[in-house]
There are 2 protein chains.
Amino acid sequence: MTKGKRRGRPIRPRPDNAPNLEDVARRAGTSIITVSRALRQPDKVRPETRARITAAVEALGYIPNLAASSLVSRRSGIIAVVVPTLGNSIFTDTLHGLSDGVTAAGRQLLVGDTGYSEAAEHALITALAGRRPDGIAIVGIVRNLRSRTLLSGLGVPVVETWDMTDDPIDHVVGFSNEAAGRAMARYLIDRGRRRLVFVGGNDLRSRAREAGYRAVLQEAGLATAAAFFTDQSPSSFGEGRRLMHRISTLEPRPDAVFFSTDVLAVGGIIECRQLGIDVPREIAIAGLGDLEIGRALVPALTTVQIPSYQMGRRAAEILSQRLAGADLAEKIVDFGVNIVARDSA
Amino acid sequence: MTKGKRRGRPIRPRPDNAPNLEDVARRAGTSIITVSRALRQPDKVRPETRARITAAVEALGYIPNLAASSLVSRRSGIIAVVVPTLGNSIFTDTLHGLSDGVTAAGRQLLVGDTGYSEAAEHALITALAGRRPDGIAIVGIVRNLRSRTLLSGLGVPVVETWDMTDDPIDHVVGFSNEAAGRAMARYLIDRGRRRLVFVGGNDLRSRAREAGYRAVLQEAGLATAAAFFTDQSPSSFGEGRRLMHRISTLEPRPDAVFFSTDVLAVGGIIECRQLGIDVPREIAIAGLGDLEIGRALVPALTTVQIPSYQMGRRAAEILSQRLAGADLAEKIVDFGVNIVARDSA
DNA sequence: TCTCGCTATGATAACGTTATCATGACTGGC
DNA sequence: GCCAGTCATGATAACGTTATCATAGCGAGA
């Protein structure tokens, strides 16, 4: 008796102790496929059979292997999320909205951050694509052409957020950062301010706000008194204080400062208070983001409201609808820009 | 000629346009397995073959299907993360640390939140387990016995964080919330405070801080002037102000308030300032978390430092080491409790 | 020259599930 | 009592990859 040519994977006990469908089926005295059905479409299985299967599942602690499931069904139940950084609560608020919206449909979030780097973004998208996600949500607009091509070639719904564009990869849910800058400039000018400063970060969204702000000033025949930029990302309250300190020494002294984020603006208010500068009488201070701290602060912060959570929530809903087969005509959802007038400006 | 019995899945062109190993192999004029090898162990393949394969991969935009990979290799490259809520930046800081630590090893984060519910936690863990993660990180200690059994039965490394226990499921990286409460009580008493208030949330961690705080007061022969609880989760600055307002009306007026989170404490300081209460002369105020705002505030907030990011980072390192085959003897990493004395207490 | 070992590549089976088609039992209408 | 339709279950193949073993070719050492 020859052993013959033994090729391929050898047969041996599974090293994994996790039970599979076969184990459940054996215990329930039925076939693999019936177990699968009992779990996915319970009404297709006779109650008694179902009961035996449920009991076997319980007894064995069976948990379906979703890797096998997604391989054959071509549905992974995964939504991939790309965030610039997990270190900034305004982005994790969007993540929170996504999580809430996605969990309802029984899907899960695969999350990665890019650190604002285009190269890292492309690498991350590639890595996430390997999981064959059912949908993709991105905080920000994807600029890199290769990344855009990659994303649209994946054949799954994609939602960009936190910004606005005429030409989304698929869907966009956000607001125009440029419009936010414009709106705040108009607001401050309307309130009689004339020597306006801009403070922001170096990221694209902040730059867009600055552009809108400057444009309105120019239209009004005013010059931007100065613009300050921080390389910190995410920005900090302390940095807001430092920048405000520098601004307070300008001659002539500005009468309004628009901080591109509430975090910086709160720092600005704290510093003014420390320096004995009356806000808003001497200097108006405004921010962007509508963080809760701005509401509690004295004086309460005037700001541009950004529906971080809602954007995530809405993005999740759009993905869910698309995955349910809907063919949404509305590709662009613009939350618009809403200034919350409080005490600081 | 009979058609015969056609059973099983019909043969038809893949509906999925994503190229697979076979497509790449055909284009590169080699076999599937050699392509697989070229991608995973490039040095095992002759440079010329590798070049042809690389070119084919590029041309086709091939991205390996990780579902198939994890199915057969029994390595998913996924780290599952369980968070009470994504709405609280102190937890997302831990998530950030996890992300940074995990990305280095080429793994990805599958994230879910429980909303502080044990039932939701169990459901989440079950759902995540379906992906066969290589490791699991949890913010918090898992109390539910079924969940603990489930987790330890998975056969993968588990790290609990943000708390301390003698009996972790596998590893714990955190600090003792009770010790934090104790330390702050001692600190305040040492500074001559005698009428001490506690303010916190209704979650387990906050309750542990309260227990430690009360214990020290009792040992010192002092009574807790009062304890206040909020049901908000995450707590808010505004809630801190409201609670402080109520505290300010107590008779006799307390001389120290320990807020169980910095967010509440910052609200407390704002409210005191508004009420004309001198902090820390009349009332000392302390928090927990060491948020950046506490440093920028005036008076700067005395607080218990919590290394949120570092806990995540460390948890990721432990998981990586375990997955690299290390058998770590140190199951318990206690970051300890460190009070940052600033101006407010 | 022969053998040993190494390098490069390949053939096959297996991972755990679901899609598709098949089939036997049963039901209702005539 | 017959037939079409429904219900419950099953058999098989396929998803795309990797683990394992096999093998041809080649150079080195005996």
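Predicted model: local features only at pLDDT ≥ 70, side-chain atom pairs only at ≥ 80, totals over all residues.
**Entry 1, strands.** I began with β2(A), which 3 bridges join to β2 (residues 108–113) of chain B, the two running antiparallel. Strands (E, at least two residues) and helices (H or I, at least four) are DSSP runs numbered from the N terminus; two strands pair if DSSP finds at least two bridges between them.

Residues are numbered from 1 along each chain as written, chains are lettered from A and ligands numbered from 1 in written order, and side-chain values use heavy atoms, leaving out hydrogens and water.

I find 56 residues from chain A and 56 residues from chain B in the contact (heavy atoms within 4.5 Å). The buried area is about 4700 Å², with 54% from carbon and sulfur atoms; this is accessible area (1.4 Å probe) lost on putting the two parts together, summed over both. A:Ile63, A:Arg131 and A:Arg132 supply 14% of what chain A buries against chain B, more than any other three residues.

I looked for salt bridges (side-chain nitrogen of Lys or Arg within 4 Å of a carboxyl oxygen of Asp or Glu). The rule finds 0 across the interface of chain A and chain B.

Chain A is divided into domain 1 (21–65), domain 2 (76–175 + 309–335) and domain 3 (177–305), with bounds from an automatic or database domain assignment. I read 62 Å between the C-alpha centres of domains 1 and 3 of chain A.
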